[in-house]
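Subject: Structure handover

Hi,

Here is the structure we talked about. My notes follow below it.

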Amino acid sequence: MNIVVTSLKGGVGKSTTSIYLAGAAVERGYEPVTLVDADPQASSAEWLELWPLPGITVVESPSERTATRSIERAEGLVVVDTPPGNERVTQSAVALADAVVIPTRAGGVEYSRVSATIELIPKRTSYGVVICAARLGTNDLEVAIAWWKEQKVEVWGVIPERVSIAAGPEARLSREGLENYDVVLGRALRGWR
Ligand SMILES: Nc1ncnc2c1ncn2[C@@H]1O[C@H](COP(=O)(O)OP(=O)(O)OP(=O)(O)O)[C@@H](O)[C@H]1O
Ligand SMILES: [Mg+2]
């Protein structure tokens, strides 16, 4: 099972989402869980180097070729973190995906970048957006959810804006983050097996 976390847009929450999905998978008892970090920035690999999570193996694969090979070789549940703005890596990764998770933000129209990402996903592969760092109860969030609904794009989760969830090698995974991302994981796994 390959879950690819991707968006052509940068800084939306791809690495944070990848790490929490891998963490949520371990909590659900999946074994082994492999995190393929296809981003040369290696932010998720760096995070897990400083706060290793039992049950997650990190494979750094900073090119299209190495990422493809790592995804094909990895066993068990695989989560793939991808670099921003790299259409080739994104396309190769989503071609191997069973489910694609697209992190986004509420506020500001970013549909064009997301739809460019969606266009790279093979027809039968399921996908959904996750609204990251959301300010709960705001009009922006309501508008964003309504917008995706209107576009017939599934919203697989809304992750609240929290300092404790923020990506970074300083941080362990937060309980609230794991609970919110477990919902996303459930949507991504739906229909598998
Ligand atoms: N739920 C959240 N609450 C607060 N901050 C968040 C949340 N999710 C992500 N962030 C912050 O948003 C920023 C971007 O997140 P992240 O690094 O995961 O994005 P990215 O899409 O992987 O970025 P890049 O395109 O550079 O790889 C980080 O500073 C991260 O800590
Ligand atoms: Mg990243």
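For what follows, Ala, Val, Leu, Ile, Met, Phe, Trp, Tyr, Cys and Pro count as nonpolar, Asp, Glu, Lys and Arg as charged, and the others, Gly among them, as polar. Please keep in mind that this is a predicted model.

**The ligand site**

By those classes, the shell around ligand 1 holds nine nonpolar, eight polar and four charged residues. In total, 21 residues surround the ligand. The closest are Gly10, Lys14, Ser15, Thr16 and Ala166. Two elements, α1 (14-27) and β6 (126-134), each supply at least two residues of this shell. The largest share comes from α1, with three residues.

Thr16 deserves a look of its own. Thr16 sits in helix α1. Is Thr16 buried or exposed? It is buried, because 27 other C-beta atoms lie within 10 Å, and 20 or more are enough to count as buried. Pro103 is 87 residues from Thr16 in sequence, yet their C-alpha atoms are 9.4 Å apart in space.

**How α1 packs**

Start with α2 (43-50). The axes of α1 and α2 come within 9 Å and cross at roughly 45 degrees. Helix α1 is therefore oblique to α2. The crossing of α1 past α2 is right-handed. On the α1 side, the contact uses Ser15, Ser18 and Ile19. On the α2 side, it uses Ser43, Ser44, Trp47 and Leu48. These residues split into three nonpolar, four polar and no charged.

Next comes α7 (residues 175-189). Its axis lies 8 Å from that of α1, and the two helices pack at an angle of about 85 degrees. That makes α1 roughly perpendicular to α7. From α1, the contact takes in Thr17, Tyr20, Leu21, Gly23, Ala24, Ala25 and Glu27. From α7, it takes in Gly177, Leu178, Tyr181, Asp182, Val184 and Leu185. By class, that is eight nonpolar, three polar and two charged residues.

**α3 against α4**

How do α3 and α4 lie relative to each other? Their axes come within 9 Å and cross at roughly 15 degrees. The two helices are therefore roughly parallel, since angles under 35 degrees count as such. Helix α3 passes α4 in a right-handed crossing. Glu64, Ala67, Thr68 and Ile71 of α3 meet Arg88, Val89, Ser92 and Ala93 of α4. The residues of this contact divide into four nonpolar, two polar and two charged.

Helix α4 spans residues 87-95. Its buried residues are Val89, Thr90, Ser92, Ala93 and Val94. They pack against β1 (2-5), α3 (64-73), β4 (77-81), β5 (99-104) and α5 (111-119).

**Val36 in β2**

Val36 lies in strand β2 (residues 33-37). Val36 is buried, because 31 other C-beta atoms lie within 10 Å. Which residues does Val36 touch, leaving aside its neighbours within four places in sequence? The contacts are Val59, Ser61, Ala67, Ser70, Ile71, Ala74, Val78 and Val80. Ala67 and Ile71 also take part in the contact of α3 with α4. Gly13 is 23 residues from Val36 in sequence, and the two are 16 Å apart, C-alpha to C-alpha.

Most residues other than glycine have a negative phi, and most peptide bonds are trans.

- The peptide bond from Glu31 to Pro32 is cis, with omega near -5 degrees. Pro32 is in the loop between α1 and β2.
- Ala42 is not a glycine, but has a positive phi of about 55 degrees. This residue lies in the loop between β2 and α2. Ala42 counts as partly exposed, because it has 19 C-beta neighbours inside 10 Å.
- Lys152 is not a glycine either, and has a positive phi of about 60 degrees. Its place is the loop between α6 (139-150) and β7 (155-160). Lys152 is exposed, because 6 other C-beta atoms lie within 10 Å.

Best wishes

Technical notes
Residues are numbered from 1 along each chain as its sequence is written. Chains are lettered from A and ligands numbered from 1 in the order in which they are written. This is a predicted model: local features need pLDDT of at least 70, side-chain atom pairs count only at pLDDT 80 or more; totals for chains, interfaces and linings use all residues. A residue is buried if 20 or more other C-beta atoms lie within 10 Å of its own, exposed if 12 or fewer, and partly exposed in between; C-beta atoms are placed from the backbone. Helices (H or I, at least four residues) and strands (E, at least two) are DSSP runs, numbered from the N terminus. Two residues are in contact if their C-beta atoms, placed from the backbone, lie within 7 Å. A residue is near a molecule or strand if its C-beta atom, placed from the backbone, lies within 6 Å of it. Axes are lines fitted to C-alpha atoms, for helices over the stretch in contact, and angles run from 0 to 180 degrees between N-to-C directions. Angles under 35 degrees count as roughly parallel, over 145 as roughly antiparallel, 65 to 115 as roughly perpendicular and the rest as oblique. A crossing is left-handed if the near helix is turned anticlockwise from the far one by less than a right angle, and right-handed if clockwise.
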